Amino acid sequence: MTAKLILGKDVSEEIYSELRQRIEALKAKGTVPGLAVVLVGNDPASQVYVRKKGEMCESLGMMSRTIVLPEETTQQELLDVVAGLNADPAIHGFLVQLPLPKHIDEEAIINAIDPRKDADCFHPSNVGRMLIGEPDFLPATPAGVQQMLIRSGIETKGKHVVVVGRSNIVGKPMAAMMVQKGAGADSTVTIVHSRTQDLPYITRQADILIVAIGKPRFVTADMVKDGAVVIDVGTNRVDDPTHPKGSRLVGDVDFENVKDKASAISPVPGGVGPMTICMLMANAVKAAERAAEGSR
């Protein structure tokens, strides 16, 4: 069996095409969608991610604003920046890039963001709306995974989805979304994590296995049912002396061996990665549409 590759680049291009039409419709009514990103400190990975967000905004014809603050920024100074973005009518959605420096309370910052502008869908009110099936926004990475399943023709209705990992960013919202009624959901969902007993026994029951645990090649072939769909959310840098950079990116799944058992699989890199920024853009456009309508 040779698994079908589910590529985030292909899926995201399809969504970007749809977003461009929605953006042009907004501009015709006098609204330019605006997305802001706040970066505190000089974390290299965050810098790359923030730069890519800005480039994509410009590519789509959106207004992009990046606010870079020094590592020693106080919590109150950051709260003041958040308050300014909450009040700025040109900014329809924004996020504060995580992780933050240790002296800043991330929860306090997230709670200060206006839920109507919460492009990351981290605010408790948006998380709650997602949980009850009435979302304003969806968290970008899980939403990206769901779109990959839908647009690749993967049936989810009645299927057993096993989510490996219970983070607030991927694992928990992913499970909450897959259990809802509707397209790309209607699944029976199990979450497994570091305290699960006999984790491989449960992963082998999955029709769709979504892995976001942050451990390179954690899921091996013997943990996957023949014909399962495997979505690898992990991004891990491992040493590789044969690579020009001395290292390379791998996922949480042992791709080379699992691809021979799966019916479909997302690779790393090239799988879920491109979808996160794509769905962030979708949230910003949705926020702009709501603002233009004068609705919540």
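**Second largest pocket and overall fold**

Helix 6 contributes the most to the lining of the second largest pocket, with 5 residues. The model is predicted, so local features need pLDDT of at least 70 and side-chain atom pairs count only at pLDDT 80 or more, while totals for chains, interfaces and linings use all residues. Residues are numbered from 1 along each chain as its sequence is written, and side-chain values use heavy atoms, with hydrogens and water left out.

A pocket is an open set of points on a 1 Å grid over the protein atoms alone, where a 1.4 Å probe fits, with protein on both sides within 12 Å along at least five of seven lines; lining residues have an atom within 4 Å of a point. The volume of the second largest pocket is about 430 Å³, taken as the space filled by probe spheres set on points joined across faces, edges and corners. Its lining comprises 25 residues, with Leu138, Ala143, Gln146, Gln147 and Met279 nearest the centre. At least two lining residues each come from helix 1 (8-28), helix 6 (140-151) and helix 10 (273-293).

The protein chain contains 10 helices and 11 strands, defined as DSSP runs (helices H or I, at least four residues; strands E, at least two) numbered from the N terminus. Of its 296 residues, 48% are buried, meaning under 20% relative accessible area with a 1.4 Å probe, protein chains only.

In strand 4 (residues 93-96), Gly93 and Leu95 point one way and Phe94 and Val96 the other, and all are buried. Strand 4 pairs with strand 2 (residues 34-40) in the parallel sense over 4 bridges, pairing requiring at least two DSSP bridges. Val37 stands opposite Leu95.

How values were computed. Buried < 20%, exposed > 50% of the residue type's maximum accessible area, 1.4 Å probe, protein only.
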